[in-house]
Protein chains: 2
Amino acid sequence: MKKKITLKQIARELDVSISTVSKALRNSIEISEDTRQKVQAFAKLYNYRPNNIALSLKNRKTKTIGVIIPDIVHHFFSKVIRGIELVANKRGYNVIVGLSNESFDKEVINMQMLANGSIDGFILSISKETLQQQDYHHFKETINQGMPIVMFDRIVNEINCDKVIIDDLKGSKNAVSKLLSNGCENVAIITTKDYVSVGKLRTQGYLNALEDFKMSPETDLILKVDDELVSEDHLESLEREIEGLFKRNKNIDGVFAVNELYAIIAMKVARNLGMRIPEDIQFIGFTDGVLSKHATPSLTTVSQHGQLMGEKAAELLIDNLEREDEMEHYTTIVIETELIERNSTK
Amino acid sequence: MKKKITLKQIARELDVSISTVSKALRNSIEISEDTRQKVQAFAKLYNYRPNNIALSLKNRKTKTIGVIIPDIVHHFFSKVIRGIELVANKRGYNVIVGLSNESFDKEVINMQMLANGSIDGFILSISKETLQQQDYHHFKETINQGMPIVMFDRIVNEINCDKVIIDDLKGSKNAVSKLLSNGCENVAIITTKDYVSVGKLRTQGYLNALEDFKMSPETDLILKVDDELVSEDHLESLEREIEGLFKRNKNIDGVFAVNELYAIIAMKVARNLGMRIPEDIQFIGFTDGVLSKHATPSLTTVSQHGQLMGEKAAELLIDNLEREDEMEHYTTIVIETELIERNSTK
């Protein structure tokens, strides 16, 4: 038996992208006839087994759920997986996890690999690169082949499937309103670049809260952090950027950060600059993880209820897998966030 | 085509344990002839496909590594996975992750599922329940069938395979010696029950350090925390236990904790009791995660180099998979720990 070839090897051999190979194998009209034939011939020669062979075995149930997450180091994703495991185990399903590491190619490869007969359906949160490239063909094709997907947290409207999200806009609006009600007059936001859907929504919530309080936003108080700075190895540059924000705007008396780590780092920078928390400056973060709870002072946060999100996602997927009728219908569950008040606010 | 039956379903149907089913399917002499026949007949009737069918296709390479970890919420395991991913991706392999949730049954099920043709080999850390029950047949059988395993961190001597460990004993001895050199005269240890191999070794390192300093251990200063208290939801009981330790032994001036969370909680309890860190009491933890870095004061820790462990484990496994000769030889890599000094010690 010949060695099995991977999508990646085909792409490298023919000097095209993984996305092109994936599309060509599925006869996508986006790919030129010439390339399609070349890819398909090569795949055949090397015995590449595309998904649909496994999937056509309609009744072959693996009783396994495939989960694709962008990052394993985030506590939020760990909590979601815990929730998925909880429901899956209760209902007799197993869970395996693949990581995209925020890469489009890895997301495609992982989905191909798992869809190849190992699992019954996917629960996933989209990688940043995929959101940037806006290339969603791998989701569409998977669904078209009859394998259900449930998306959580980072979703896109372009794909029809079950979804579990939180009300990011409302959650951040509530948080910022809390800071304003507490007397803050110059609230800064530390957020991500706009292509990350949740970052964009949370920034919008910030703007809406200001509007409610008849305040106009100041560009100087909106810090959109470069993605490269998020990884643990680049915390120093993140610190410097936040320090710059504080030094340019000496009147900042409130900070809303769209994730926990940004908030913790910002508190550290503020402390080093001699500001007292919460007397001089108040902080609220998003995502309730271990850092928030154990920080000094402990951090007021908007809880995303990660475990609940995972539970709901698993319920949606298993319900879909076990549904008898073939009617198409998609559910979006919106989970309410909750403001957990601790010592970083008055 | 009949629906595929799982190991778990067979076990439930026949009212035996998953371990029994697993052993019976592999003709283990530990299982009575009667049970073996019953299990095998049932498995055949329901079209259960055991591993060896997939495994006998000797040259079928999936270019995928299966990782089984006990817990996804631990930062240490996330770091190990990051290291595995790094090397795997560089060498053209994919990674999928299964969680045992510290359960023996889940470990067996996950290994069965992944060994079923999805992966080429395993990297794993053993669940607490497996260590307690000392039932390692699933590792032995997997290796016997020609699928290599690399164990990391939580290993057992009974299994011959490649291993990556840290020198737990030396690491904790160094940490405790540091506290003693810093002038501490009553150093407590907060550790796990002895069946967790790493906890046992770290406790031994504590005792060795005391001996070096000609001090005799006091039972009262050794707190072996009940496993149930480790989960995030039971932190309050852990706090109370540590508070009890401090109240019973008012002279404690140093604490060595075998993991990061224990240390962080212990610092919090000490602060609440009015002790100053590091003036009145010094702390060292094990495992260098996000909590240690961002705690106030930041925590001195013994770094396990999780990412490096993952990298080494992946190298060992892939080297094994790609080795041409069939000679059996096993490597154990011992990674040196490093004491990272921060503000919780003088």
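Buried means under 20% relative accessible area, exposed means over 50%, and partly exposed lies in between (1.4 Å probe, protein chains only). By that rule, B:Val187, B:Ile189 and B:Thr191 point one way from strand 6 of chain B, B:Ala188, B:Ile190 and B:Thr192 point the other way, and all are buried. This is a predicted model, in which local features need pLDDT of at least 70, side-chain atom pairs count only at pLDDT 80 or more, and totals for chains, interfaces and linings use all residues. Residues are numbered from 1 along each chain as its sequence is written, chains are lettered from A and ligands numbered from 1 in the order in which they are written, and side-chain values use heavy atoms, with hydrogens and water left out.

**Two copies**

- Two copies of a chain are related by a rotation about an axis and a shift along it.
- Here a rotation of 180 degrees with 0.0 Å of shift along its axis superposes chain A on chain B, with an RMSD of 0.0 Å. That is the relation of a two-fold axis.
- The superposition is by least squares on the C-alpha atoms of residues with pLDDT of at least 70 in both copies.
- Which residue of chain A comes closest to the rotation axis? A:Val97 does, at 2.4 Å (C-alpha).
- The same surface serves both copies: 100% of the contact residues of chain A recur in chain B. Contact means heavy atoms within 4.5 Å.

- Strands (E, at least two residues) and helices (H or I, at least four) are DSSP runs, numbered from the N terminus.
- Two strands pair if DSSP finds at least two bridges between them.
- An open sheet of twelve strands, with mixed pairing, has the order 11(A)-5(A)-4(A)-3(A)-1(A)-2(A)-2(B)-1(B)-3(B)-4(B)-5(B)-11(B).
- Strand 11 (332–335) of chain A and strand 11 (332–335) of chain B stand at the edges, each with a single partner strand, so one side of each has no neighbour in the sheet.
- From one strand to the next, the twist averages 20 degrees.
- Strand 5 (residues 162–166) of chain A runs parallel to strand 11 of chain A, and four bridges join them. A:Ile166 has A:Ile335 as its bridge partner in strand 11 of chain A.

**Helices on the sheet**

- Helix 5 (residues 75–90) of chain A packs on the sheet. It touches strands 1 (64–69), 2 (94–99), 3 (121–124) and 4 (149–152) of chain A, together with strand 2 (94–99) of chain B.
- The direction of helix 5 of chain A makes about 170 degrees with that of strand 1 of chain A. Axes are lines fitted to C-alpha atoms, for helices over the stretch in contact, and angles run from 0 to 180 degrees between N-to-C directions.
- Helix 8 (residues 137–144) of chain A lies across strand 3 and strand 4 of chain A, at about 145 degrees to strand 4.

**Helices in chain B**

- Is helix 2 (residues 18–25) of chain B mostly covered or uncovered? It is mostly covered, with eight of its eight residues buried.
- Its cover includes helix 1 (7–14), helix 3 (33–45), helix 6 (104–115) and helix 8 (137–144) of chain B.
- B:Asn27 follows helix 2 of chain B and has a positive phi, near 60 degrees.
- The axes of helix 5 (residues 75–90) and helix 14 (residues 306–322) of chain B come within 6 Å and cross at roughly 45 degrees. That makes helix 5 of chain B oblique to helix 14 of chain B.
- Angles under 35 degrees count as roughly parallel, over 145 as roughly antiparallel, 65 to 115 as roughly perpendicular and the rest as oblique.

**Strand 6 of chain B**

- Six of the six residues of strand 6 (residues 187–192) of chain B are buried, so this strand is largely enclosed by the rest of the structure.
- Strand 6 of chain B runs parallel to strand 8 (residues 254–257) of chain B, joined by four bridges. B:Ile190 has B:Ala257 as its bridge partner there.
- Strand 6 also pairs in the parallel sense with strand 7 (residues 222–225) of chain B, over four bridges. B:Thr191 stands opposite B:Lys224 in strand 7 of chain B.

**Backbone details in chain B**

- The peptide bond from B:Ile277 to B:Pro278 is cis, with omega near 5 degrees. B:Pro278 lies in the loop between helix 12 (260–272) and strand 9 (282–286) of chain B.
- B:Gln134 is not a glycine, yet has a positive phi of about 55 degrees. B:Gln134 is exposed, with a relative accessible area of 53%.
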